[in-house]
Amino acid sequence: MAKVLLEEAKRIADTVMEEHPGLISKKWSYDVGLLLTGMERLYQETGEEKYYEYLKAYFDYFILPDGTIRNYDCQEKNIDHVNCGKNLFFLYEKTGEERFRIAMEHLEEQTLIQPRTESGTYWHKQIYPNQIWLDGLFMGQPFRAQYAQTFGREDWYDDILNQFTTAEAKTYEPRCGLYVHACDESKAAFWADPCTGRSMNIWGRACGWYSMALADTLDFIPASREDVRSRLIALLNKLMENVVKYQDETGCWYQVLDNRREDNYREATCTCQFAYTMEKGIRLGYLEEAKYRPRLERAVAGIREQFLSQRDGRLYLTRCNAVSGLGPEDNTRRNGTLDYYFSEPIVENDGKGLGPLLKLAAAYEGV
């Protein structure tokens, strides 16, 4: 019998394709890229060409014949824009089209000019000076690691490790053993603690980005760099050991992980991200199976019971936080308080949850 979770993932993917036929978006967007990596895994697992054709249509629109990326400007220095580059490795390998390789080079050029904090870690965006966001680790470092492996940039591995270890130290919150959303090394941002530079709260998806960044970067660190691999695996275990402490009785996690205020809520994207990370960590030997397998099973059950909803024959992932951020200076509403995190819109079938869910379902050996 076909795996239930995989069949449900296919139904959700089909819903996305039916509701956004042809071209999913005309925006070069990290969340679309993440969703399409999920489509890639569905295609690899099932062999169904419709998933490949759908993801390729997006990149056919954006990647011009000369390898230029439509409407992309590396001088914006927005690390989010690098995330879609992860799909290009698959497309270049499958098609052999030079435009995909050249487009990767354009994104690599951005990583070379991306501003850095005093500690040597990427600014999240040009408009966020001196700020390390956990989101940015996921957007940039797995791409850099895969580029390094593919094109022989072994000199990057030490810098990749430094970006993880620095971000981990700068965002660590001792009160709960988890990680705040961001840190401003200059301590000048209106949301930053004047002593530590850290933001106030433990946003679930920030920790989810960090977990996936570690798990995905490890795919491309060679055995010859066991020093880098062992350190990243240690960081992953430190994170997940504390993440599971905040998993609730349904198997889910909350918008703000360590808070149970009445208006906090079980949140789908971070739950899917943690479940994806646990499955991959167990399967590849990064996480202890006896310890984390029961947590994974609970998370999958929680996703299916709490977040999947059928309507008019279509399947949806519900209760996805649409977006959360900090600043910039002219947007003081985004101040990192609980009131802020609980005020942002809640949507369904958001790519930030669907991408990890589809990839989880393609690999999962349970239901």
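Student: Is Phe90 buried or exposed?

Tutor: Burial is read from relative accessible area: under 20% is buried, over 50% is exposed and anything in between is partly exposed, with a 1.4 Å probe and protein chains only. Phe90 has a relative accessible area of 12% and is therefore buried. Tyr52 is buried as well, at 10%. The model is predicted, and local features need pLDDT of at least 70, side-chain atom pairs count only at pLDDT 80 or more, whereas totals for chains, interfaces and linings use all residues. Residues are numbered from 1 along each chain as its sequence is written, and side-chain values use heavy atoms, with hydrogens and water left out.

Student: How many aromatic pairs are there?

Tutor: Rings of Phe, Tyr and Trp (its six-membered ring) pair if their centres lie within 6.5 Å; planes under 30 degrees apart are stacked, over 60 edge-to-face, and the rest tilted. The count under this rule is 21 aromatic pairs. One of them joins Tyr52 and Phe90 in an edge-to-face arrangement, with 6.1 Å from centre to centre and 85° between the planes. This pair links distant parts of the chain, since Tyr52 belongs to helix α3 (residues 49-62) and Phe90 to helix α4 (residues 85-95), 38 residues apart. Such elements are DSSP runs numbered from the N terminus: helices are H or I of at least four residues, strands E of at least two.

Tutor: Another edge-to-face pair is formed by Tyr58 and Phe59, at 5.1 Å centre to centre and 90° between the planes. Both Tyr58 and Phe59 are buried. Ring pairs also connect Trp28, Tyr58, Phe59, Tyr61 and Phe62 as one cluster.

Student: Which residue lies over the face of Phe138?

Tutor: A charge sits over a ring if NZ of Lys or CZ of Arg is within 6 Å of the ring centre and within 35 degrees of the ring normal. Lys86 takes that position over Phe138, at 3.5 Å from the ring centre. Arg260 is likewise placed over the face of Tyr254, 3.9 Å from its ring centre.

Student: Which residues lie nearest the centre of the largest pocket?

Tutor: On a 1 Å grid over the protein atoms alone, a pocket is an open set of points where a 1.4 Å probe fits, with protein on both sides within 12 Å along at least five of seven lines; lining residues have an atom within 4 Å of a point. In the largest pocket, Glu40, Arg41, Asp219, Phe220 and Lys280 lie nearest the centre, out of 25 lining residues. The space in this pocket is about 600 Å³, a volume being the space filled by probe spheres set on grid points joined across faces, edges and corners.

Tutor: At least two lining residues each come from α2 (30-46), α4, α6 (134-151), α10 (268-283) and α13 (351-363). Helix α4 gives the most, with 6 residues. By class, the lining of the largest pocket has 10 nonpolar, 5 polar and 10 charged residues. Here Ala, Val, Leu, Ile, Met, Phe, Trp, Tyr, Cys and Pro are nonpolar, Asp, Glu, Lys and Arg charged, and the others, Gly among them, polar.

Student: What is the volume of the second largest pocket?

Tutor: The second largest pocket has a volume of about 430 Å³. Its lining has 28 residues, of which Lys27, Tyr30, Asn78, Asp80 and Lys125 lie nearest the centre. The elements giving two or more residues to this lining are α2 and α8 (204-217). The classes number 9 nonpolar, 7 polar and 12 charged residues.

Student: How many bridges join strand β5 to strand β6?

Tutor: Two strands pair if DSSP finds at least two bridges between them. Strands β5 (residues 308-311) and β6 (residues 314-317) run antiparallel and are joined by 4 bridges. Gln310 has Leu315 in β6 as its bridge partner.

Student: Which backbone values deserve a second look?

Tutor: Most residues other than glycine have a negative phi, and most peptide bonds are trans. Asp312, in the hairpin of β5 and β6 with its 2 residues between the strands, has a positive phi near 55°. At 77% relative accessibility, Asp312 counts as exposed. Asn349, not a glycine either, has a positive phi of about 50° and sits in the loop between β8 (346-347) and α13. Asn349 has a relative accessible area of 15%, so it is buried. The peptide bond from Gly327 to Pro328 is cis, with omega near 10°, and Pro328 lies in the loop between β7 (320-321) and α12 (338-341).
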